[in-house]
Amino acid sequence: MGILVAPSILSADFANLAADIKRAEDGKADWLHVDVMDGHFVPNLTIGAPVVRSLRNVTQLPLDCHLMVSDPDRFLEDFAQAGATYLTVHTEACVHLQRTLSQIRKLGMKAGVALNPSTPEQVLEYVLQDLDLVLVMSVNPGFGGQAFIPAVVPKISAIRKMLDEAGNKQALISVDGGINTETGSVVTAAGANVLVAGKSVYGATDVTAAIRHLHQCGPKNVCKAG
């Protein structure tokens with residue numbers, strides 16, 4: 001499997017969101033990453049299901065929705081109806097994680113779990129068969145443009161091993177936070193399949209080139225500088 005690139009619309013121009021989505025599509029992005037923040041679980045407030053519904057109307061790309069919210073169970077049906085493809089919840093926000101993941105799948109979405117930088121991978125032990133995606137946060141969630149935290153790299157390798165040993169080799173590992181050509185090579189070598197990139201895509205002069213360089217961050221490749 002090649003490396004998937006998911007530009008984060010948190011770094012896009014919200015006044016010209018459809019145009020920025022088209023730029024990502026033209027650049028051969030694989031997914032769009034949508035950060036949903038409630039101002040409670042994380043110290044920022046962004047968008048919700050109505051915006052996801054609008055995004056679905058202008059793109060056929062998979063919508064990778066990352067819920068950084070307290071009590072995410074309240075919103076599962078809303079995002080399913082809005083057209084989310086992947087729905088990722090934080091283990092730190094879920095009281096009954098396995099039940100939440102099962103409900104996401106029942107609603108027709110792919111189920112993901114996000115782990116904050118200080119959350120150990122062992123929290124996934126009893127839900128390994130319920131996962132389509134693990135999102136490893138390489139920054140503390142809440143704001144874009146933060147610096148990559150290298151200490152999370154061993155966690156990526158450990159999660160890949162856990163999933164493989166559980167017979168869930170098809171589950172993807174995504175990394176979000178401070179991803180660029182340099183850090184992209186590091187995390188893919190550790191076992192990541194999906195690179196979530198905001199500033200390094202939408203802050204680039206050439207979005208297509210930025211996405212292409214991230215696609216080249218496979219474990220057998222060295223990313224080309226953008």
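Trainee: Let's start with aspartate 26: buried, exposed or partly exposed?

Mentor: Aspartate 26 is partly exposed, with a relative accessible area of 45%. As for the cut-offs, buried means under 20% relative accessible area, exposed means over 50%, and partly exposed is in between (1.4 Å probe, protein chains only). Keep in mind that this is a predicted model, where local features need pLDDT of at least 70 and side-chain atom pairs count only at pLDDT 80 or more, while totals for chains, interfaces and linings use all residues. Residues are numbered from 1 along each chain as its sequence is written, and side-chain values use heavy atoms, with hydrogens and water left out.

Trainee: Which residue forms a salt bridge with aspartate 26?

Mentor: A salt bridge here is a side-chain nitrogen of Lys or Arg within 4 Å of a carboxyl oxygen of Asp or Glu. Lysine 22 makes one with aspartate 26, and their closest N and O atoms are 3.0 Å apart. The two sit four residues apart in helix α1, so about one helical turn separates them. Lysine 22 is partly exposed, at 43% relative accessible area. By helix I mean a DSSP run of H or I with at least four residues, and by strand a run of E with at least two, both numbered from the N terminus.

Trainee: How many salt bridges does a search of the whole structure find?

Mentor: Five. Among them is one between the side chains of aspartate 20 and arginine 23, at 2.8 Å from N to O. Both lie in helix α1 (residues 17-26), three residues apart, about one turn of the helix. Aspartate 20 is buried at 7%, whereas arginine 23 is partly exposed at 33%. Another joins aspartate 71 to arginine 74, with the closest N and O atoms 3.4 Å apart. There, aspartate 71 is partly exposed at 38% and arginine 74 is exposed at 52%.

Trainee: Now for strands. Which residues point one way from β6, and which the other way?

Mentor: In a regular strand the side chains alternate between the two faces of the sheet. From β6, Leu133, Leu135 and Met137 point one way and Val134 and Val136 the other, and all are buried. Strand β6 covers residues 133-137, and five of its five residues are buried.

Trainee: Which strand do four bridges join to β6?

Mentor: Strands pair if DSSP finds at least two bridges between them. Strand β5 (residues 110-115) is joined to β6 by four bridges, running parallel. Five bridges link β6 to β7 (residues 172-176), also parallel. Valine 134 is the bridge partner of valine 113 and stands opposite isoleucine 173 in β7.
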